[in-house]
Amino acid sequence: MNTEESYEIRLKVNGETQQITAPARRLLSDALRGELGLTGTHVGCEHGVCGCCTVLVDGAPVRSCLTFAIAVQDREIRTVEGLAADDGELHPVQEAFKECHGLQCGFCTPGFLMTACALIEQNDDPTEEEITEAIAGNLCRCTGYQNIRAAVGYAAEIARSDKT
Amino acid sequence: MKPSPFSYHPAASVDEAAQFLSELEDAKILAGGQSLIPLMNFRLASPTHLIDISGLAELSEIKVSESEVEIGASVTHSQVLQSEQVGSALPLLVEAERLIAHEVIRNRGTLCGSLAHADPAGEMTAVITVLNGRVNTASVSGGRTIEAADLFEGPLQSSLREDELIVSATFPKLGPRTVSSFREVARRHGDYAVAGAVSVVEYDNDDQVHSARAAFLSVGPVPTLVSFDDLLRGNRIEDVGHNEVYNFLSSQLEPHGDLQASADYRRHLSAEMGWASLEACI
């Protein structure tokens with residue numbers, strides 16, 4: 001039987017560089033969850049539609065299920081585990097989702113948090129329209145989206161007040 | 001829902017990528033992977049080798065000249081969308097980019113990848129068709145230019161040879177007195193369009209139509225180009241009006257039916273999108 005070729009893959013996740021051994025076909029989502037044990041990144045559809053697996057690569061949101069781990073070596077990857085401070089203080093987007101009841105079952109939440117995080121880092125005063133546009137690639141089957149939109153707006157507000 | 005095994009070859013140059021393509025059996029180019037990886041996850045594609053060109057600096061350029069905009073093969077949709085140079089030289093490209101999927105997909109997907117993927121529902125296939133653009137390729141036997149009219153052979157089938165990769169796509173800028181517009185209908189924001197049209201209208205010195213054409217997406221195996229010259233030349237679009245344009249397009253377009261829309265409904269939508277994109281050029 002053929003054994004599958006393995007590669008040494010360096011992944012820089014939440015500021016820490018780790019080396020994994022995995023085949024080239026290992027999706028970033030599976031590398032994060034399986035090899036690195038970072039199960040905060042959720043896997044829903046595995047073809048880029050649901051948005052649950054969204055992580056940041058060099059600050060930009062991407063689908064980790066449509067990215068091979070080997071193709072993003074040495075890039076800055078940020079996952080939901082990297083949001084809260086070391087002392088446990090919540091990131092503005094986490095605080096806002098909690099306050100605004102922006103989640104119910106929580107399955108889609110990591111994807112929404114990372115998408116919202118990228119948005120408010122680029123633009124901490126987004127309009128309603130910009131918020132809707134930013135989260136349009138993420139699906140939620142519980143909330144009906146209104147609380148999520150409110151949460152993103154509130155997260156931006158917290159981020160603005162943190163700056164002053 | 002996981003890709004099948006493959007060997008990974010990061011190319012250090014275009015020459016090396018071409019070399020890999022000529023030497024390796026059943027190899028595919030990986031740039032952003034936003035069309036290829038879903039196909040691989042579904043195992044609709046299972047290449048033995050992937051040649052990664054996403055890191056190639058020589059393919060990462062956007063060049064704007066007097067008459068053309070050239071987009072390198074590793075330039076992402078987001079980079080095109082955010083390029084002020086492109087925005088002022090050829091706003092149609094930016095207008096089309098806004099309609100492509102969501103930001104999260106545009107952050108990795110590449111414009112040239114969309115062309116190589118040759119999906120007739122893809123916005124860029126219609127844009128390069130209506131603009132009479134071209135792609136520039138490389139291979140071990142030398143590069144060539146493929147005109148848009150010769151690029152698409154069927155759904156997900158381009159005329160690229162197996163040993164050939166796209167290095168850039170070139171879009172002619174619009175001339176003076178020329179206007180363009182893109183209109184499409186999708187079931188949800190960011191989905192593939194059920195129907196869509198991109199029009200280019202050139203006016204004469206009396207503000208009457210000199211020449212007009214539209215490319216339609218999602219109506220056939222390849223993007224469909226329709227000329228309005230016989231209908232509109234020497235006239236104003238508003239004088240010819242919705243009904244004549246609609247009827248003309250209904251007779252020209254032969255879309256297929258699928259789960260999203262019957263053939264008749266898609267013909268109706270396409271004709272309406274054709275009119276809407278023309279009307280936006282008034």
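Student: Which residues line the largest cavity?

Tutor: This is a predicted model, in which local features need pLDDT of at least 70 and side-chain atom pairs count only at pLDDT 80 or more, while totals for chains, interfaces and linings use all residues. Side-chain values use heavy atoms, without hydrogens and water, residues are numbered from 1 along each chain as its sequence is written, and chains are lettered from A and ligands numbered from 1 in the order in which they are written. On a 1 Å grid over the protein atoms alone, a cavity is a set of points where a 1.4 Å probe fits but cannot get out, and lining residues have an atom within 4 Å of a point. The lining consists of Val43(A), Gly44(A), Cys45(A), Glu46(A), Gly48(A), Val49(A), Cys50(A), Gly51(A), Cys53(A), Arg63(A) and Cys65(A).

Student: How much space lies in the largest cavity?

Tutor: Its lining has six nonpolar, three polar and two charged residues, where Ala, Val, Leu, Ile, Met, Phe, Trp, Tyr, Cys and Pro count as nonpolar, Asp, Glu, Lys and Arg as charged, and the others, Gly among them, as polar. With grid points joined across faces, edges and corners, and volume taken as the space filled by probe spheres set on the points, the space comes to about 30 Å³.

Student: What is the strand order of the open sheet in chain A?

Tutor: Strands (E, at least two residues) and helices (H or I, at least four) are DSSP runs numbered from the N terminus, and two strands pair if DSSP finds at least two bridges between them. The sheet has five strands with mixed pairing, in the order β2-β1-β5-β3-β4.

Student: Which strands of chain A are the edge strands?

Tutor: An edge strand here pairs on one side only. By contrast, β1 (residues 7-13) of chain A pairs with β5 (residues 76-78) of chain A in the parallel sense over two bridges. The edge strands are β2 (16-22) and β4 (60-63) of chain A.

Student: Which residue in β5(A) is the bridge partner of Lys12(A)?

Tutor: Strands of a sheet pair through backbone hydrogen bonds, either parallel or antiparallel. For Lys12(A), the bridge partner in β5(A) is Glu76(A).

Student: What is the radius of gyration of chain B?

Tutor: Chain B has twelve helices and 14 strands. Taken over C-alpha atoms, its radius is close to the 19 Å that the globule rule (2.2 Å times the number of residues to the power 0.38) gives for 282 residues, so chain B is as compact as a globular protein of that length. The radius of gyration is 19 Å.

How values were computed: 1 Å grid on protein atoms, 1.4 Å probe; cavity = no way out; pocket = protein on both sides within 12 Å on 5 of 7 lines; lining within 4 Å.
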